[in-house]
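This report concerns salt bridges and the parts of the chain that they join. Please consult the sequence and the structure shown here while reading.

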Amino acid sequence: MIHGQLIIGPPGSGKTTYCHAMSEFLKGLDRRVVIVNLDPANDFLPYEAAVNVSSLITIENVMQKYKLGPNGGLIYCMEFLEKHVEWLLTELKQYQDCYLLIDCPGQVELYTHHQSVQNIVSIMCKSGFMLSAVHLVDSHYCCDPAKFVSVLLTSLSTMLQMQMPHINVLSKADIIEKQGKLHFNLDFYTEVLDLEELVNLLSDDPFLSKYKKLNKALIELVENYSLVSFHLLSIKSKECMSKVLKAADKANGYVFGINEENRNIQNLLSCAMSADFEDAKIADIQEKYISMNSEGGQGYTSVGR
């Protein structure tokens with residue numbers, strides 16, 4: 001079995017940066033790791049890709065040949081890769097003793113509506129690859145209630161569409177308040193609690209107040225599925241990197257395999273049943289990067305919590 005992470009998420013969420021940082025982090029843990037670039041539009045790679053889809057197809061050639069735009073060209077590339085998935089499997093099987101970090105395109109539709117990426121992953125899983133999806137979302141969306149609702153819906157739709165072990169990650173947590181203050185404590189966003197409070201905030205906006213019923217229905221949809229939660233990530237923090245890696249390894253089964261030392265039934269059960277307290281999950285980011293209540297009244301806490 002070959003274990004790894006499928007790094008997905010919208011443009012600008014930090015997928016390529018995450019792959020580079022996580023690769024260096026894993027090397028520091030003495031793991032053999034390789035990065036796979038499946039984004040044919042990724043011109044600049046800060047890492048050395050062991051497998052690069054650009055050697056099979058490039059979006060520039062597709063756009064020129066078929067007169068397509070960037071989005072259409074990217075979809076064509078993924079459909080082409082799906083038809084030539086044996087090429088990908090052959091390339092990847094050279095690294096059977098390595099942990100894979102697969103850098104994927106940023107077009108959201110590929111993970112919420114289109115089938116090609118899902119089909120490619122399904123074929124890989126049937127071929128012995130044990131993958132977990134790591135879905136990155138820019139954390140500054142938490143500062144805007146309307147955008148956070150969109151993040152919740154996108155994350156839920158991606159989870160349902162991809163049909164694979166999945167963790168959601170709020171990236172760039174070290175600059176989470178760069179574009180505004182958080183309205184609630186961090187655990188509100190990571191555990192996705194009390195979403196009715198988001199409806200109240202949206203109702204205070206003159207433009208969004210007329211969509212109150214729609215927003216309430218969307219939030220109820222997210223709550224009814226009860227699937228979405230988030231981990232916090234700052235590549236500057238070893239604690240954050242370790243927590244995200246631990247969650248991804250648990251999702252793809254790496255921690256239950258022969259690669260880990262001291263493997264016995266007690267440790268397996270302990271790992272499977274363990275749960276971090278929420279304060280422990282957010283403490284590092286909360287302490288370093290989030291504005292606290294001050295004498296001037298700055299900072300926010302969630303009502304009734």
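Predicted model: local features only at pLDDT ≥ 70, side-chain atom pairs only at ≥ 80, totals over all residues.

The structure contains five salt bridges.

| Salt bridge | N to O distance |
|---|---|
| Asp97 and Arg32 | 2.3 Å |
| Asp138 and Lys172 | 3.2 Å |
| Lys236 and Asp174 | 3.4 Å |

In the pair of Asp97 and Arg32, the side chains meet with N and O 2.3 Å apart. Asp97 belongs to the loop between α4 (85-92) and β4 (99-103), and Arg32 to the loop between α1 (15-28) and β2 (33-37); the contact therefore ties together parts that are 65 residues apart in sequence. Asp97 is partly exposed, at 46% relative accessibility, whereas Arg32 is exposed, at 52%.

The side chain of Asp138 forms a salt bridge with that of Lys172. Because Asp138 lies in strand β5 (residues 129-138) and Lys172 in the loop between β6 (166-171) and α8 (186-191), this pair links parts that are 34 residues apart in sequence. Asp138 is buried, with a relative accessible area of 10%, while Lys172 is partly exposed, with 29%.

For Lys236 and Asp174, the closest N and O atoms are 3.4 Å apart. Lys236 is exposed, with a relative accessible area of 65%; Asp174 is buried, with 18%.

Technical notes: Residues numbered from 1 in each chain as written. Heavy atoms only, no water. Salt bridge = Lys/Arg side-chain N within 4 Å of Asp/Glu carboxyl O. Helix = DSSP H or I, 4+ residues; strand = E, 2+ residues; numbered from the N terminus. Buried < 20%, exposed > 50% of the residue type's maximum accessible area, 1.4 Å probe, protein only.
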